[in-house]
Amino acid sequence: MDSQLLNQRPISSILIIIAMQTEALPLVDKFQLREDVGSVFPKEVPWVRYHGIYKHLEINLIWPGKDLALGVDSVGTISASLVTYASVQALQPDLIINAGTAGGFKAKGASIGDVFLVSECAFHDRRIPIPVFDLYGVGSKQAMSTPNLLKELDLKIGKLSTGDSLDMSAQDEASILANDATVKDMEGAAIAYVADIFKVPAIFVKAVTDIVDGEKPTAEEFLQNLATVSAALDQAVTQVVNFISGKCIHEL
């Protein structure tokens, strides 16, 4: 889609990418989406597409599904980048929304249940200490600027750091600090990489389940708060979609 043309007409097609079933299903219900039976994806992959029309918007919500061998959510950057690539190719969306839970840093002002719009994404576990390759490893990408959306919904804003581990090693921590991140996840920067290749505008909505620099073990706090925080995430995504309805990209 020509970006200038997209700027001049209302957004009509949204691709929502969500890593976990717990996060995805409330939105499937909210938007009254149907599961795709004759999938647009190859039959070998576990990816699940839910689709429908909501307030004149065509919504495709993609969940990477359960790992075929272990039966757990297919989280992480590999699944996220593959499913984003395939979805963009098959569905040609006007806008990508990556919604998900994340760890937050109290030193940067994050609390459990806070919802952030992301200003910038980068990786914290791709360390390549060679000139220029180091920048490639960090892979910093700007999220789409949405000043009107930010003002209307009164969400917090912060930078996102992405890696393939739930916990945080000392090396990860140093990289996250260098990225100036407020929240950390396991998908965002990978989705931003693919969105940037195809020049599809992308918004990242992240709700805090655990405080990375807090006292509680990350896994314990994450599981304890997942259901409650997913409800806050779903409310925020619904507000974002309602705001987008009828607007052009430049009006966000």
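At 11% relative accessibility, R49 counts as buried, where buried denotes a relative accessible area under 20%, exposed one over 50% and partly exposed the range in between, computed with a 1.4 Å probe on protein chains only. The model is a predicted one, in which local features need pLDDT of at least 70 and side-chain atom pairs count only at pLDDT 80 or more, whereas totals for chains, interfaces and linings use all residues. Residues are numbered from 1 along each chain as its sequence is written, and side-chain values use heavy atoms, with hydrogens and water left out.

R49 is placed in strand 3 (residues 48–54), strands being DSSP runs of E of at least two residues and helices DSSP runs of H or I of at least four, both numbered from the N terminus. The side chains of R49 and N60 are joined by a polar contact of 2.6 Å, a term that covers a pair of N or O atoms within 3.5 Å, of which, within protein, one must be able to donate a hydrogen and the other to accept it, residues adjacent in sequence counting only if both atoms are side-chain atoms. When residues up to four places away in sequence are not counted, R49 touches R34, E35, D36, V40, F41, N60, L61, I62 and L91, contact being defined by heavy atoms within 4.5 Å.

Strand 3 and strand 4 pair in the antiparallel sense over 7 bridges, two strands being taken as paired if DSSP finds at least two bridges between them. Within this pairing, N60 of strand 4 stands opposite H51. The hairpin of the two strands has 2 residues between them, and K55 takes a positive phi near 50 degrees there. H56 is placed in the loop between strand 3 and strand 4, has a positive phi of about 70 degrees although it is not a glycine, and is exposed, with a relative accessible area of 76%. Another non-glycine residue with a positive phi, of about 55 degrees, is Q32, which is found in the loop between helix 2 (21–30) and strand 2 (34–35) and counts as exposed at 67% relative accessibility.

Strand 4 (residues 57–63) has 6 of its 7 residues buried, so it is largely enclosed by the rest of the structure. Strand 1 (residues 13–17) runs parallel to strand 4, to which it is joined by 5 bridges, and I14 stands opposite I59 of strand 4.

Strand 6 (residues 115–123) is likewise described as largely enclosed by the rest of the structure, because 8 of its 9 residues are buried. Strand 6 is joined to strand 8 (residues 156–162) by 6 bridges, the two running parallel, and V118 stands opposite G158 in strand 8. With strand 10 (residues 202–211), strand 6 pairs in the antiparallel sense over 3 bridges, A207 in strand 10 being the bridge partner of V115. A further antiparallel pairing, of 2 bridges, joins strand 6 to strand 7 (residues 141–142), and Q142 in strand 7 is the bridge partner of E120.

In soluble globular proteins, nonpolar side chains tend to be buried together. The largest nonpolar core in the model has 38 residues, and those with the most contacts inside it are I16, V205 and I244; such a core is a set of buried Ala, Val, Leu, Ile, Met, Phe, Trp, Tyr and Cys residues joined through side-chain atoms within 4.5 Å. Helix 8 (residues 218–244) gives the most to this core, with 8 residues. Apart from it lies another core, of 30 residues, among them I17, A102, A143 and A202. Not counting residues up to four places away in sequence, I16 touches F31, I59, N60, L61, I62, I97, V237 and V241.

At the level of the chain, the secondary structure comes to 8 helices and 10 strands, and 52% of the 252 residues count as buried. A compact globule of 252 residues would have a radius of gyration near 18 Å, and the chain, with 17 Å, agrees; this radius is taken over C-alpha atoms, and the globule rule is 2.2 Å times the number of residues to the power 0.38. Along the principal axes, the C-alpha atoms fill a box of roughly 45 × 40 × 35 Å. Among contacts between residues at least 6 apart in sequence, 75% join residues at least 24 apart. The annotation "domain: Nucleoside phosphorylase", taken from an unreviewed UniProt entry, covers residues 14–241, and such annotations may be inferred rather than shown by experiment. Over residues 14–241, the chain is 36% helix and 27% strand, with the end C-alpha atoms 9 Å apart.
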